[in-house]
Amino acid sequence: MLVLPVWASMLLGLLVGFLPLVGMEPTGGAKSGSSGHATNQEPLPSSSGSNCSELTLKLEFSSKVVEHEYIIGFTGYFSAKARRLYISSALRNAGDGALLEWHIVPRENPASDFPSDFELVHIRQASPSSLLTLEDHPYIKRVTPQRKVFRMLKYVPSPEPTAPCNATRGTQKWQSWQSSRPFRRTSLSLGSGFWHATGRHSSRRLLRAIPRHVAQILQADVLWQMGHTGSGVKVAVFDTGLSEKHPHFKNVKERTNWTNEKTLDDGLGHGTFVAGVIASMRECQGFAPDSELHIFRVFTNNQVSYTSWFLDAFNYAILKKIDVLNLSIGGPDFMDHPFVDKVWELTANRVIMVSAIGNDGPLYGTLNNPADQMDVIGVGGIDFEDNIARFSSRGMTTWELPGGYGRVKPDIVTYGSGVRGSGMKEGCRSLSGTSVASPVVAGAVTLLASTVLNRELVNPASMKQALIASARRLPGVNMFEQGHGKLDLIRAYQILNSYRPQASLSPSYIDLTECPYMWPYCSQPIYYGGMPTIVNVTILNGMGVTGRIVDKPIWQPYLPQNGDHIDVAVSYSPVLWPWAGYLAVSISVAKKAASWEGIAQGHVMVTVASPAENDSEVGGELTSTVKLPIKVKIVPTPPRSKRVLWDQYHNLRYPPGYFPRDNLRMKNDPLDWNGDHIHTNFRDMYQHLRSMGYFVEVLGAPITCFDASQYGTLLMVDSEEEYFPEEITKLRRDIDNGLSLIVFSDWYNTSVMRKVKFYDENTRQWWMPDTGGANVPALNDLISVWGMAFSDGLYEGDFTLADHDMYYASGCSIARFPEDGIVIAKNLKDQGLEVLKQETAVVEGVPILGLYQTPSDGGGRIALYGDSNCIDDSHRQKDCFWLLDALLQYTSYSMTPPSLSHSHSRVAPPPSASCPRGWKVRRNHLYRYSKVLWRLTWETRSPALPACPHLSWAKPQPVNETAPSNLWKHQKLLSVDLDKVALPNVRAYRPQVRPLSPGESGAWDIPGGIMPGRYNQEVGQTIPVFAFLGAMVVLSFFVVQLTKAKSKPKRRKPRIKRPTYLQQQQTTTTGKNPTV
């Protein structure tokens, strides 16, 4: 049995999760694939007692298709009788309809008595034609196989990381590769703790002043004292159920079982933990103890679930008018249309969905769906020292690549490390992960919703507006890590209780000079002739589920701030639904500023309209106008030698196709899903090039769409796309005219690709990768004119080059190179042989690096390297940024590095022999995802070259006024007056844990954001004012006591005189006056 390290098991569960084995035929008669099963399930450790035990959860998923069962989705909600009629009618039209044996599988759950938008059908010997006939029916939307999901949990103490994230452990069996198709969503609530260390020194954990409950840290007790405890809000928990007699919960409105087990109780404890964070009333208190808790048990005690269970449960949540839903599953497949469509439907029905952003950090471009959707509140994790948790996924979204740019996510962050929640039967426990942060926000949202008198104002957009407008920005952290900042419950309460339906923007401003928050925009100034800078802004529409932009956005440059030096183009969603849309802003420098340096400012005005729910509204529409301030830094156009163009257009990634990782050793993470962008998994390379003075731009269009005379080097890394013939012709002409080319390739071997094939559960067919690590045949077509080619060899190994330690990870070799070029060779292991025959062999003199000066007068230079893993953040072992520097010195300045030209590893170029034929893998699916291929085979025919994108620049409407100096605090939600919202006079409990950074106030660091007001001043001034008043009271008390003490002797004399009747008696007896 293969034993994986902790971190590898973590990635296996999160990224590969539900996927089948690769390279193995399905066992038995069932045509289904299944992934390797997890370790044996262990019982939940005892959670009795009040002590908090900090644990993490080890997770593994597996799944298989249920043979002969299909989920038939309809275009609307229909009764059971109508659904049966439609299916029967569709199957009668099939050619083999009369021979088909089929029946509807009964679903005995609370939703079975209501109309539904899908049906579960058992069809024996269903042919592809019969399934296509089903989909041809006008009321049937899609047909997908029923899936059975296994989820395995193992509770272990939180370990300290013992190896880097990218470490490679041992030799693995190639037959047990986890596949990437079909994609399965995994639970983000599990296993997340493996990525997070709670502190640099273990002793600090004992010294931190941490309150007992996360709800108190976020000041939920302030709202409790005001009488707000979540009453009247319906919150749904989709998980493993909840025990009926659990002492922590007093308002469990409904427990529903969507599984095939005859119990509603939680046999594992995870669902109880999530519910406790939201609504526990004692010990480890939740945020909203009086909320109506709706428990959806969608996993059995054996951790089994089916797709149909989730779909039924979602429909029932809509039927029950759930207000808040916490979802603890996610994954990278934002093109999983049935799931995405259902999430849209939920939010369109006013369900506020809160979802974890993912546990795939610290790598960028690792956002999980559905948290990366505009209508969902995506939550990232921080520790109790306000540091971004290592496991928390980072932005940007990759939906928009290659032509556009991603959106800002997560939306907010909150505590996700060591959070306490309810134990399975009683007591409390602590867990970590972004799914722990998700119920924290879900509980806060539930509590906030209960504070609003007019519940009609609360919807997915207005709640998100309140959360992001009130979030407290963390210092030194960029927006793709923290979103809008840390959850601030009290300030969100103030905003919601002064809220008026309106539109807002996320981010609310564009400031290309503000670092580090606006990274990567702030990392490089703009200049004339450069690729336009694209900022993808999300429009949140709190006025209604649907909306539109009135007329067109208006660009208004500030003349005193040189706003006329920039040009702006805007594109936007034709319809804002549900609750949101996009506003893409492209910024470029005007020609008159080609040699100018300075700051330019302006703003874009956008008016959003939504149908009014109340017909009495004038015109039947609500409108809201928002302003998007823009501030950029302009510099003179850099010299050509300093400008590098990154080819994004020819990079493909999962989803939708099976594009494997570039390093075959990373079998626990086989998907190439991070976007291959300079701001995602090539972020470190980009930062290095910027530090070396290079200006890096992104080409999101064909090679025919850029002016090569402006750039010194075109950088192609890990390209999977084919090339248009026009692109090949233009690149040859550009290099003859002085453009240089650097190519980082990767492995491509048809035999290895067949070895790592997998069984696709949707099509019931074996699939091979759509390319190798790179599309080497396409690259060879591109560079063949210069007598160059990569081979189909597959090599790996450690070596030293120019006194630098290097690691070659599943790279290819150079098969052909010009005789007058420079070629560097190294001794490497034949990894292809290891994959195919499990044999080890060392190959001497493998050509891996080539440098060539083209012969034309003034021609450019070409550099080839067979592996991109050394500049890729995904699984980099040893970086080769020094090599990239050397290659850029060669291509941009024609300076051949002596360490390479005089290297003892230099060999004669490989002979100009023809490359092997029949390279390209046939019968794969690249044509489905390629922008170049158009036929069902690998024929050379291609569609017409697409037109180059041309932006429609907005006509400026200059304004002669001064721009705001602080864009961050400039904007605010309309009609929100924080002064009108009174808070009780209570002492807030908020320990200062994180050391203050230079210039940071010791008071609460609550930024104004788009909601400035007196609240931030009161927060900073309340503590010293009350301290002064308290000191005065104490001082007055001591002054009074001191005065009393001084006056006491004078008032003591009369007290010791004898009573009058004793004096008279003594006088009568002795005849003398008494003395004192």
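**Disulfides and core**

A: Four disulfides are counted here, a disulfide being a pair of cysteine sulfur atoms within 2.5 Å. The model is predicted: local features need pLDDT of at least 70, side-chain atom pairs count only at pLDDT 80 or more, and totals for chains, interfaces and linings use all residues. Residues are numbered from 1 along each chain as its sequence is written, and side-chain values use heavy atoms, with hydrogens and water left out.

Q: What is the handedness of the disulfide of Cys870 and Cys880?

A: A disulfide is a covalent bond between the sulfur atoms of two cysteines. For Cys870 and Cys880 the torsion about the S-S bond is about 55°, so this disulfide is right-handed. By contrast, the link of Cys705 and Cys948 is left-handed, with -90° about the S-S bond.

Q: Is Cys284 buried or exposed?

A: Buried means under 20% relative accessible area, exposed over 50%, partly exposed in between (1.4 Å probe, protein chains only). Cys284 is buried, as is Cys428; a disulfide joins the two, S to S 2.3 Å.

Q: Which residues have the most contacts inside the largest nonpolar core?

A: A nonpolar core is a set of buried Ala, Val, Leu, Ile, Met, Phe, Trp, Tyr and Cys residues joined through side-chain atoms within 4.5 Å. The largest has 80 residues, and Ile630, Met685, Phe744, Leu849 and Tyr865 have the most contacts inside it. Apart from it lies another core, of 65 residues, including Val233 and Leu489.
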